[in-house]
Amino acid sequence: MLSWIRSFLHNRRSRVTVSSRLSRRVLIRHGVPQGGVISPTLFLIFINDLLPELPKGVKAALYADDLVMWCTEEHSTTATYRLQLAADKLAAWADDWCVKINLEKSTTTLFTLSPKQKPGVIKLGDTPLRNDDEPTYLGVTFDKRLTWKPQTQKAENKARRKLAIMRKLAGTNWGASEKTLKTLYEGTVRPQLEYGAPAWSSACKSNLQALDKVQNQALRILTGAMRSTPIKTMESLTGVQPLITRRDTKTLIQAEKYKSLPKHPMNSRMEKPIRNRLKRSSFVHQSRSLKRQYLPHLPESTLPLDATGTCPTPWEANQRVLEINTTVKGVTSRDMSDTSKKALTLAMIADHYPEEAWISH
């Protein structure tokens, strides 16, 4: 395998085509081929030793090449000290493995409700990282007080830009059908309104209502109704679920995912008692409240997701009860057409060997 991977990566060259003319070949010295089937796996193996290098007290999450590190402390100076140690470890790891970190996209954020706490300076190598009060990670925008207002505003603005396309198509010049408009809404507008919803579902009611208003406008475009038309009536006519119902569903599903992953950091938090001195809602608050609300409709317990239990039973070579049947009732002449033989064979298999009894191999 090592020789195969070395041959796969070593001495790779690429070139581009512009107006049917080819550029010269360039030797690829770093990285893995984009679009390669095993490229993500090879990259994950390459960075797999990064997280164990981080100091105690600092947690991290990796999604492909996006890394986030955080530290929870009573005082910002302590958190700054620990994260600086982590940044030094990260810089040393990158230097050892010839990895270049994008310093322009690397920022720091101090999450606190206290106006007295000030963010400290954290350096990556010799470069101080820029402080950002509204960082974005994997498409979700945070804010230092975790009100989620920037995220909901961004989602609202994106959805309204998509909503303008629906208005154009619903106009007299285009006259798109209700089915087309509904498909457009569910495929382009609504995803903007609920991307990452389990993370920011604890936002205040006014921020969430701003997103609901966008869907209400879309319903009026779908039905051609007036502003005075009840929202529930339009939802019933179009079959579009309320956003709050979809957010609650996504929160419950995410909570069950955490419970089914024993090694996930959120698994233990889902079971521990909540000790918040501040009256601030969180994902754990939301999921527990929804679980009490929908308790009769939820499973009594969540089974852990075990990777070893998902594989089918391996095939055993010493099968002694195998029977090979090469005869089919009704096939008596060699002159029969292949279509007739196939039809009779499939009918016999369906009668004597139902599909639910098959063993996949």
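**View 1. Tryptophan 200 and its contacts.** Setting aside neighbours within four places in sequence, tryptophan 200 is in contact with Val140, Trp148, Gln151, Thr152, Leu193, Glu194, Tyr195, Leu208, Leu211 and Arg247. Contact here means heavy atoms within 4.5 Å. Keep in mind that this is a predicted model, in which local features need pLDDT of at least 70, side-chain atom pairs count only at pLDDT 80 or more, and totals for chains, interfaces and linings use all residues. Residues are numbered from 1 along each chain as its sequence is written, and side-chain values use heavy atoms, with hydrogens and water left out.

**View 2. The largest nonpolar core.** A nonpolar core is a set of buried Ala, Val, Leu, Ile, Met, Phe, Trp, Tyr and Cys residues joined through side-chain atoms within 4.5 Å. Buried means under 20% relative accessible area, exposed means over 50%, and partly exposed lies in between (1.4 Å probe, protein chains only). The largest such core holds 24 residues, and Leu163, Met166, Tyr185, Val189, Leu193 and Trp200 have the most contacts inside it. Two or more residues come from each of helix H4 (149–170), helix H5 (178–194), helix H6 (197–200) and helix H7 (205–223). H7 gives the largest share, 7 residues. Helices (H or I, at least four residues) and strands (E, at least two) are DSSP runs, numbered from the N terminus. A second, separate core has 15 residues, including Cys71, Ala86, Ala87 and Leu90.

**View 3. Leucine 222 in helix H7.** Here we look at leucine 222, which lies in helix H7. Is leucine 222 buried or exposed? Leucine 222 counts as buried, because its relative accessibility is 6%. Leaving aside neighbours within four places in sequence, its contacts are Met166, Glu178, Leu181, Lys182, Thr238 and Val240. Lysine 154 is 68 residues away along the chain, and the C-alpha atoms of leucine 222 and lysine 154 are separated by 24 Å.

**View 4. Aspartate 248, a buried charge.** You will find aspartate 248 in helix H9 (residues 243–260). Aspartate 248 is buried yet has no salt bridge, and the nearest side chain of opposite charge, arginine 247, is 6.0 Å away. A salt bridge is a side-chain nitrogen of Lys or Arg within 4 Å of a carboxyl oxygen of Asp or Glu. For charge, Lys and Arg count as positive and Asp and Glu as negative, while His and the chain ends are not counted. Leaving aside neighbours within four places in sequence, aspartate 248 is in contact with Leu290 and Tyr294.
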